[in-house]
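Below are some points for a colleague who is opening this structure for the first time. They are meant to be read with the structure in view.

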Amino acid sequence: MQQQGESGEDIVIVGAGLAGLAVALGLHRKGVGSVVLESSPALRASGFAFATWPNAFRALDALGVGDKIRNLHVQAQALRVASSSTGTVARELDFSGKQGGGAPFEFRCVRRDVLLQVLAAELPKGTIRYSSKIVSIDEQHDDSKIIHLADGSTLRAKVLIGCDGINSVVSKWLGLAKPSYSGRSATRGLACYPDGHTFQPKFLQFYGHGFRFGYVPCNANDVYWFYTWSPSPDDDGVDESGAKMKLYVLAKLRSSKVPAEALELIQSSEVSDDAPAAPLRFRSPFSLLFAKISKGNVCVAGDALHPMTPDLGQGGCAALEDGVVLARCLGEAILGGGGDSAGGVAEKKRIQSGLQKYAGVRRWRSIDLVGTAYVVGFLQQSSNTIVSFLREKFLAGMLARRLMKMSNYDCGTLWR
């Protein structure tokens, strides 16, 4: 019997971010339904935009929305890495394919709100349930999970997937290690030019001087930028508002060797007052070695699994990879039973095996991404004299090549 105010669902996904919507859409493409619980009253677009590398577009193609995103965002022609201390270009990597005569290396800066809307529009009406904040989870004798919501209602789930971000309730239930503070913070902004901008379609990054800064156009009208730094006691209060955060970033950039267009970009941009800056946290890759990414009929994906620093630009990309792999493994488990009864012992075993398969695939990829991102961030942002010398003379090119190698991953399709 169900309790008063309780409803039952086969697959419940917690969180309508990139990972949650990717899982839901992947399952939908395979003919498997799900429900997505989103704590906010609407899709959240915090972060403005994110780097979308070849691995992300392979995942988006698998989900059937790659071309829609391509048509709305400009292909970057190059990645240029320079010193903020001297202005010297340490490395420039061609994305156009013209230098080697091959195909372009796909990179676009994608507006987060646009991608979420495109993913959500592909789902059946009613899939996403807004204002549904999960507060706790109970396990039943039949292995189903009772999900308690903030409004007092409950849901019974046959499969529970946590895509609820860095402060995940599902991750906590599974016993995953609490994310650690990296000692760094980040702020981001988006400058909108209704009549068009004049920025070249290149991804520019500046490192050193104790910060990391970069910017890249999203399309003909929008340019995204980011700034990461290690806060000190002197920085107290700079993140009280978007206006104060902008002034802080401008002051730091004016004392370094960045182009004049970068300063104009910051002045013209929007910085959220809701979250002017955020501490950069990550889950220790060592803890992921033995972590329970899945347990029975429960698993996690996206930032609930592998929160990482943004130094590879792979957080959103990895969430999309998770979505495709999880939809493939879980879809195969649910659809592979032929005529056996829904909810039977055989189906439960297949679901558990499918989630374990997903966890096995994503564990090592997550460890690699989280660990590499942390090291790259340290090397690029450090003000240490020795590290700075090595970075400018030897490491910049190596780090850029490592970034491209990490982004050339193929998560496969929904069917293989």
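**Notes on the predicted model**

1. Arg108 lies over the face of Phe57, 5.5 Å from the ring centre. Another such placement involves Arg365, which sits over the face of Tyr409 at 4.0 Å from the ring centre. Please keep in mind that this is a predicted model.

2. How many aromatic pairs are there? The count comes to 16 aromatic pairs. One of them joins Trp53 and Phe95: the ring centres are 6.0 Å apart and the planes stand at 80°, so the pair is edge-to-face. An angle over 60 degrees is what places a pair in that class. The two residues belong to distant parts of the chain, 42 residues apart. Trp53 is in the loop between strand S3 (49-52) and helix H2 (54-63), and Phe95 is in the loop between strand S5 (89-94) and strand S6 (108-111).

3. Are Trp53 and Phe95 buried or exposed? Trp53 is buried, and Phe95 is buried too. A further aromatic pair, Phe213 with Tyr215, is tilted, with 5.7 Å from centre to centre and 45° between the planes. Phe213 and Tyr215 are both buried.

4. Trp53 and Phe95 also belong to one aromatic cluster, together with Phe105, Phe107, Phe203 and Phe226.

5. Strand S9 has a pairing with strand S8 (residues 134-139), antiparallel and over 5 bridges. Within this pairing, Glu139 has Lys145 of S9 as its bridge partner. The two strands form a hairpin with 5 residues between them, and Asp143 in the turn has a positive phi of about 75°.

6. Strand S9 also pairs with strand S10 (residues 154-162), in the antiparallel sense and over 4 bridges. Here Ile146 has Arg156 of S10 as its bridge partner. The hairpin of S9 and S10 has 4 residues between the strands, and Gly152 takes a positive phi near 95° in it.

7. A last point concerns Asp195, in the loop between strand S11 (180-192) and strand S12 (202-208). Its relative accessible area is 82%, so Asp195 is exposed, the cut-off being over 50%. Along the chain Asp195 and Asn221 are 26 residues apart, while their C-alpha atoms are separated by 7.0 Å.

Technical notes
Residues numbered from 1 in each chain as written. Predicted model: local features only at pLDDT ≥ 70, side-chain atom pairs only at ≥ 80, totals over all residues. Heavy atoms only, no water. Buried < 20%, exposed > 50% of the residue type's maximum accessible area, 1.4 Å probe, protein only. Phe/Tyr/Trp six-rings, centres within 6.5 Å; stacked < 30°, edge-to-face > 60°. Lys NZ or Arg CZ within 6 Å of the ring centre and 35° of its normal. Pairing = 2+ DSSP bridges.
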